[in-house]
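Please have the sequence and the structure open while reading.

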Amino acid sequence: MIEIKISKLLQGAEGTFSLDIDECIPPGQIITLYGSSGAGKTSLLRIIAGLINPDIGHIKVNEQTWFDKTQGINLKPGKRSIGMVFQDYALFPNMTVRKNLIYACDTSRDPELVDRLIEVVELKQLENRRPNTLSGGQQQRVALARALAGRPKLLLLDEPLSALDAEMRKKLQDYILAVHRQFDLTTILVSHDAGEIFKLSDRVIHLEDGKVVNNNTAVEMFSQRHLSGKFQFIGEVLEIATEDVVSVIAVLIDNHLVKIIVDEQTAAGLSLGDRVLVASKAFNPVIKKI
Amino acid sequence: MDFTPLILTLKLAAITTGVLLVISIPIARWLAYSRRRFKPLIETLVSMPLVLPPTVLGFYLLLAFSPDSLPGQLLENWFGIRLAFSFPGLVIASVIYSLPFMVHPIQSGLSSLPQSLQEASKVMDKSYLTTLLSVELPNIKPSLLTGLILTFAHTVGEFGVVLMIGGSIPNRTRVASIAIYDEVEALNYHTAHQYSLVLLALAFGVLLLVYLVNGGYLKRFWQ
């Protein structure tokens, strides 16, 4: 159980605001920190990692105190048993893929771990390459493997997939799910992408202006509970065309462009670029083996 | 041609560069990462030799090293060292004079590294020293090389400070740049030419080396 009760003044785009968190995270889950940019997600992740210190409060993990302002306890990042994937991956350019992993790993205690990790993220052929010769997705896999090389209990991912294309994202989401299970982790990730959140997370903590506005499962958070559609997709409104009495909305769901007919009233409430939930009751779907 | 001034020059430059490498890395690291309020003051002090006339620096160092001054007295009474008009005195003066040439490249090299590299190493429970030696310095090799070469070349080119502190004592403080001055004064243009040409070639050679290495030309050649 991770118990976080902290507060910190942060510098935002529109002046200072206070990040106030009072949450408990059960072990073994994947938790997503969701919210608009500047809401304090990355700061919260960095506070958990010990890279920045909260102004007041405490962080306790499995009865071990990582941070407590009143008692003057502040465990160093290296002593917190965490693995972290940075937004820019932070791979060491002077080391090969394998050396990046060896640097992060206590090879005397765990001599086979590096080989195992290279296998899990399928990097055997690239192990002697330098990071700057790899593609974004490959670098991300190295970063993920490296974050696990220290045998962490808690894996922190700071928008790890934001720079990748849709296909690569899917693949890497699978890697994240796989290592989460294989290495028995508690995972906290920062993500903006509703599809990704649906696929990965057990719970979503929704932050706005430094405050938790919602803490729920992904389905409940995005469907707001009152829909019972069997099909649900999150998409982005690309076009709104009004034709006679109805409007046709073009929605991009993953890579698929879908046209949906809505009444004028619904169309009036939408604007281009809106994130929308498209749901349908599955009365007569056609299923074909491919 | 008497080679001792040239050898003395190279010896002075080599020792100065070595000493500066060791003391500049912590200074540069502090300047690159610190957010202390008095940082501009330290930055100014480090950069002073760039704009100060060398004779001014030399004059004050000479006063400080003189046996009549308090620091000079302390050194002489406690350690039996007299720095004025001696080779160790030249080394100390050169270290101060060339300090910005080593600190600035390393500082800008470290500042340009993404902060996340350091943080990643911290999360892996690595000490500052391990992070410095395994991550930071290997990733700023061009900056280190620039610092080394510039410091070396700048020390070779010293004149004012050396003259003030060391005078022109053969085998002890008569470095090549002073020897040229002496030879010209004595109208020995031929010898002055010889010394000058060696320094000219040296300066050209080391700078060319910096640009070849940092531009990646040598690597391309070898591959």
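The points below are grouped by topic, after a short note on conventions.

This is a predicted model, in which local features need pLDDT of at least 70, side-chain atom pairs count only at pLDDT 80 or more, and totals for chains, interfaces and linings use all residues. Residues are numbered from 1 along each chain as its sequence is written, chains are lettered from A and ligands numbered from 1 in the order in which they are written, and side-chain values use heavy atoms, with hydrogens and water left out.

**Salt bridges**

- Side chains of opposite charge can pair when their charged atoms come close.
- Over all chains, the search finds 13 salt bridges (a side-chain nitrogen of Lys or Arg within 4 Å of a carboxyl oxygen of Asp or Glu).
- One of them pairs K79(A) with D125(B), at 3.0 Å from N to O.
- This pair joins two chains, because K79(A) lies in the loop between β6 (73–74) and β7 (82–85) of chain A and D125(B) in the loop between α6 and α7 of chain B. Helices (H or I, at least four residues) and strands (E, at least two) are DSSP runs, numbered from the N terminus.
- D125(B) has 36% relative accessibility and so counts as partly exposed; buried means under 20% relative accessible area, exposed over 50%, and partly exposed in between (1.4 Å probe, protein chains only).
- Within chain A, R98(A) and D115(A) form a salt bridge of 2.4 Å, N to O.
- R98(A) is in helix α2 (residues 97–104) and D115(A) in helix α3 (residues 113–120) of chain A, so their pair ties together parts that are 17 residues apart in sequence.
- R98(A) counts as partly exposed because its relative accessibility is 21%, and D115(A) counts as partly exposed at 37%.
- R98(A) and D115(A) are linked with K124(A) and E127(A) in a network of salt bridges.
- In chain B, the closest N and O atoms of the salt bridge between E183(B) and R174(B) are 3.3 Å apart, and both residues are buried.

**Cavity and pocket**

- On a 1 Å grid over the protein atoms alone, a cavity is a set of points where a 1.4 Å probe fits but cannot get out, and a pocket is an open set with protein on both sides within 12 Å along at least five of seven lines; lining residues have an atom within 4 Å of a point.
- The structure holds 1 cavity of 30 Å³ or more, and the largest cavity has a volume of about 50 Å³.
- Residues lining the largest cavity include Y33(B), L113(B) and V135(B), and α6(B) gives the largest share of the lining, 3 residues.
- The largest pocket holds about 650 Å³ of space.
- Among the 24 residues that line the largest pocket, Y33(B), Q115(B), Q118(B), E119(B) and K122(B) are the closest to its centre.
- Elements giving two or more residues to the lining of the largest pocket are α1 (4–33), α5 (87–112) and α6 of chain B.

**Buried and exposed valines**

- V91(B) is in helix α5 of chain B and counts as buried because its relative accessibility is 12%.
- V91(B) and G157(B) are 66 residues apart in sequence and 14 Å apart in space, C-alpha to C-alpha.
- V51(B) is in helix α2 (residues 39–51) of chain B and counts as exposed because its relative accessibility is 67%.

Technical notes:
Grid points are joined across faces, edges and corners, and a volume is the space filled by probe spheres set on the points.
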